[in-house]
Amino acid sequence: AGGKYIAPGFIDIHIHGAFGFDAMDEDINALKEISMRLLENGVTAFLPTTITMSKERIWKALYNVRANMAEPNMGACILGAHLEGPFISPKRKGAHLEGEIVKPDSSIIKDYLDIIKIITIAPEIQGGLDFIKEIKKQEKTVLSIGHSNATYEEAIKAIDEGVASATHVFNAMTGLHHRDPGIVGAILTTDIFCELIPDLIHVHPAVFRILLKTKGTDRIILITDSIRAASMGDGIYDLGGQSVEISCGCAKLKDGTLAGSVVKLNEAVRNFMRSTDCGLCNAVKMASLNPAMLLRIDKERGSLEKGKYADIVIFDEDINISSTIVQGRRKAERNHE
């Protein structure tokens, strides 16, 4: 490795797109392009993430995920899909289209539950808890609270019923107040996992340290929440049918609402490591073993152990990627094939 660090490959469980492509693109080849280019960022596996659009567009996106999973993949492995929307709260919609938000209904996604690995849900909306109870029976599907206006009590109830994670903690959810703990209070006082976008825009670095002190190194999962504009530079881009402006690395709708990020996962690991005292090993774990634990694939991925897939990333002290190996094959070898 030429004196560089060797680590388990990164797993991004929340990524809408990058390199000019998006998981909601109707072109089935969009995911192939994302998959190949993610190797540049040390990502060896990921969950293409949907956004709230029409049911037909969501079905098409899920169909494309399944079709890509069924074919030999030369890039980062597609592990399934993260369904973010349409079962969210209009009050915390963020960059999602309010007109396409619907009440939780398992019949909408029943044909794709085999490949949906995470569902973001606002448990306080009508039918939310019943939906959680029903999906909880699907052992391979994780329920994540997010884009929610739930109270602390409603969030705790949802966690008791089966919610195991929180979607981009602090963002698009009720915050912490000393007389009204909100969803953040429920996250900090339970052992559920929580996604964090460490792009230094969505969450202040000081809050990284607060989160680390309360959740520890085993329950934080670093994500990108990146959109098609990632690695593309400033300009105007599309996200879920809405126009997004990228300026100085910040993605916003016309009304100023944050609309995903353009951070790379290796940059996210570096940002968290430099902003806290967690150290390199723990920062890497938050982007490798922790997401594997949440998805219950830690016996196959997430760490460098005998018997697991040889998903390996090699980088320097600044986590600049020099080589990515997926299931034992180097990036260059995979491209050559």
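Trainee: Which elements each supply at least two residues of the lining of the largest pocket?
Mentor: Helix H2 (55-69) and strand E6 (77-78) do. Those labels are DSSP runs, numbered from the N terminus: helices (H or I) have at least four residues and strands (E) at least two. By the way, this is a predicted model, where local features need pLDDT of at least 70, side-chain atom pairs count only at pLDDT 80 or more, and totals for chains, interfaces and linings use all residues. Residues are numbered from 1 along each chain as its sequence is written, and side-chain values use heavy atoms, with hydrogens and water left out.

Trainee: What makes something a pocket, and what counts as its lining?
Mentor: On a 1 Å grid over the protein atoms alone, a pocket is an open set of points where a 1.4 Å probe fits, with protein on both sides within 12 Å along at least five of seven lines; lining residues have an atom within 4 Å of a point. The largest pocket has 18 of them, with Leu79, Lys117, Ile297, Glu300 and Arg301 nearest its centre.

Trainee: How is the lining of the largest pocket divided into nonpolar, polar and charged?
Mentor: Eight are nonpolar, three polar and seven charged. Asp, Glu, Lys and Arg count as charged, Ala, Val, Leu, Ile, Met, Phe, Trp, Tyr, Cys and Pro as nonpolar, and the others, Gly among them, as polar. The second largest pocket has seven nonpolar, nine polar and two charged residues in its lining, and His147, His168, Asp225, Leu258 and Gly260 lie nearest its centre.

Trainee: Why are E8 and E9 said to be joined?
Mentor: Two strands pair if DSSP finds at least two bridges between them. Strands E8 (residues 116-121) and E9 have four and run parallel, so they pass. One partner of isoleucine 119 to look for is leucine 143 in E9.
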